[in-house]
Amino acid sequence: MLTYLKWGFRIFLILLVGGFLHYTLPQHDIVRITNAYNRLTTVGANWLFYASPDTGTAEGTETRDIRFIDAVFADGSVIVYRNEDTGWVWPPYFKYDSSNLQAEAQNSKSSAAAPEWVSVTHYGWRFPFMSIYPNAVNITPVSGPDDTSVPWINIIVLTTLAFLALMIRRMWLQFRERAIDPVLADAGEAWDSVDAKADAARAKARGVFGRIGAWFNTWRSPPRR
Amino acid sequence: MGGIIRLVVFGFLALSVVYLIVTVYARSVRRENLEKEFDAGGIEGSRDAFIAEGMARYRHSLRKKLLLGVYLVPMAVVAITIYLVNYQ
């Protein structure tokens, strides 16, 4: 039972961290942009997947003017991105040029007859059920729908995270070796000496008179350590 | 404007915490290495004096390296990110 719990917890943790990284790290899509517009959108229970509001708003739902970019993949499936500024704190993209990006998207609109393929750098998930959209960060023209690119940022970020995890583990081990273990060893020795004293006292208090004498002795001040 | 201020304040606090932790770790490792070096033999003088002198010398070089690494590197990363995201 406990093994199931342990493994279940570990798998849950891996899914959580993996999902968080998959949402936050940038990805590239090769698409053809079909439309760029903005639309009043109500942000309610899915507020977590939108940028934080610019001004303080009432609780519950709020309606905002959000820029969207429609695009279509080479195989015909469609996707809709939103184009919002990120805050200055999270996610750490420091994006504040969404107006410019919208203009670039307008400029890259093309039809199926004369397609213009672009690579959209984005983060986030398109999950229609919750009305959440990935946030487009950059648009770069590419030569064709078969273009591939190496995800440099993802490689750097994941390598740095792995390095940090390793360093934290080493710091913890060093701390345990230098600070905690010696104290525990001392505590162990202290307990052993208390045990030895108790055994010596018990040995002295044998027999009826031994026990009475031992009790009288407790009225005296305790022996110095 | 408030966003930038929040980033700077929280960033400075978080980096200061990182600085403290890394200082403790680096000094602990250095002290352990000094102890091992003395115990290996062949060094004259008292153990405590040797370790104290080694730690005092280490303090200067560590501070420089740490200030650079812990404060400058994240600032450079943020600056590069801002450039790559906004000025393509």
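A polar contact is a pair of N or O atoms within 3.5 Å, and within protein one of the two must be able to donate a hydrogen and the other to accept it. By that criterion, chain A and chain B of this predicted model share 9 residue pairs in polar contact, counting pairs in which both residues are at pLDDT 80 or more. The interface between the two chains brings 15 residues of chain A into contact with 19 residues of chain B.

**Buried area**
- About 1700 Å² is buried between chain A and chain B, and carbon and sulfur atoms give 59% of that area.
- On the side of chain A, Trp88(A), Phe94(A) and Arg178(A) together supply 36% of the area that this chain buries against chain B, which is more than any other three residues supply.

**Charged pairing**
- The count of salt bridges between chain A and chain B is 1, and it joins the side chains of Arg178(A) and Glu35(B), with an N to O distance of 3.1 Å.

**Elements and composition on the side of chain A**
- Strand S5 (135-141) and helix H3 (152-204) of chain A are the elements that give two or more residues to the side that touches chain B.
- Of these, H3(A) provides the largest share of that side, with 6 residues.
- By residue class, the side of chain A that touches chain B divides into 8 nonpolar, 2 polar and 5 charged residues.

**Domains of chain A**
- The domain assignment of chain A gives domain 1 (27-149) and domain 2 (159-217), and the C-alpha centres of these two domains lie 61 Å apart.

Notes. Residues numbered from 1 in each chain as written. Chains lettered and ligands numbered in written order. Predicted model: local features only at pLDDT ≥ 70, side-chain atom pairs only at ≥ 80, totals over all residues. Heavy atoms only, no water. Contact = heavy atoms within 4.5 Å. Buried area = accessible area lost by both parts, 1.4 Å probe. Salt bridge = Lys/Arg side-chain N within 4 Å of Asp/Glu carboxyl O. Polar contact = N/O pair within 3.5 Å; in protein donor to acceptor, adjacent residues only side chain to side chain. Helix = DSSP H or I, 4+ residues; strand = E, 2+ residues; numbered from the N terminus. Nonpolar A, V, L, I, M, F, W, Y, C, P; charged D, E, K, R; others polar. Domains from an automatic or database assignment.
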